[in-house]
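Here's a quick briefing on the cross-links and charge pairs in this protein. Have a look at the model first.

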Amino acid sequence: MSAVLATLLALASVPGAPAAWLGQLDPEQLLGSWYVVAMASGEKGFAMEKTMRNVEGVVVTLTPENNLKVLSSRHRLERCDLNAVELLRQNSAWVFENPSQGVLEYRVLGTNFRDYAVVFTQLEHKDEAFSTVELYSRRQQASLEAMTLFTKWSRGLGFLSQQQARLQADPSCAHKAFQVSCLLSITRGPRGRRSLGPGSPTSPGAAGGSGWGRG
């Protein structure tokens, strides 16, 4: 997977390629609340469960040390798991990681710097290592442009059709992460987090708008 990703990223640097110019991506452009509306995953059991997976939520904040804090709500059959992880920035490229929490790599593959992002993660949990590609969207319904880019990256990285899914439109699990993030923000006060500014969605009612737990 790493070799394939390196090749695709090299191709993405060609003018006109459907990917982000990663060197221009500032971490603050990823901050705020996101719906996870589509996913490709090599995790065991994902192909069997994907038709029952609902839209998930992710809230990204930046620590004073310029690390990413990712709060996520993950839909697992009849429950919604809330997870949080702090990701450390690698020395080269726009890549974050935290191997001690099972995140070997976290990077943005493509984005329009406004309302969607395609995010790749390489994960390792006890007896299993796998990768995912997720489509982050500021809205519950992703644009055609966003879905097309997600599909291109997923297929390009070798995910089979049964390993890809557009998540069910029920946003209740996603809103759990947004609500908890709002409560934490109130508890910490304005000095406890950094955001994109007044236009950044930080709650489920905002317009346009991981830890990764196992089931």
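This is a predicted model: local features need pLDDT of at least 70, side-chain atom pairs count only at pLDDT 80 or more; totals for chains, interfaces and linings use all residues.

Residues are numbered from 1 along each chain as its sequence is written, and side-chain values use heavy atoms, with hydrogens and water left out.

There's one disulfide here, plus eight salt bridges.

**The disulfide**

- C80 and C173 are the bonded pair, with 2.0 Å between their sulfur atoms; a disulfide here is a pair of cysteine sulfur atoms within 2.5 Å.
- This bond ties together distant parts of the chain, 93 residues apart: C80 lies in strand β4 (residues 79-89) and C173 in helix α4 (residues 172-188). Helices (H or I, at least four residues) and strands (E, at least two) are DSSP runs, numbered from the N terminus.
- The torsion about the S-S bond of C80 and C173 is about 80°, so this disulfide is right-handed.
- C173 has a relative accessibility of 4%, so it counts as buried. Buried means under 20% relative accessible area, exposed means over 50%, and partly exposed is in between (1.4 Å probe, protein chains only).
- Another cysteine, C182, comes out at 25% relative accessibility, so it counts as partly exposed.

**The salt-bridge network**

- E49, R53, E56, R74 and E134 are joined up in a network of salt bridges. To count, a side-chain nitrogen of Lys or Arg has to be within 4 Å of a carboxyl oxygen of Asp or Glu.
- R53 pairs with E56 through their side chains, at 3.2 Å from N to O.
- E56 has a relative accessible area of 0%, so it's buried, and R53 is buried too, at 3%.
- R74 and E134 form a salt bridge at 2.7 Å, N to O. That pair also spans distant parts of the chain, running from R74 in strand β3 (residues 68-76) to E134 in strand β8 (residues 128-137), 60 residues apart.
- R74 is buried, with a relative accessible area of 2%, and E134 is buried at 2% as well.

**Another charge pair**

- D81 makes a salt bridge with R79, and their closest N and O atoms sit 3.0 Å apart.
- How accessible are the two partners? D81 counts as buried at 16% relative accessibility, whereas R79 counts as partly exposed at 39%.
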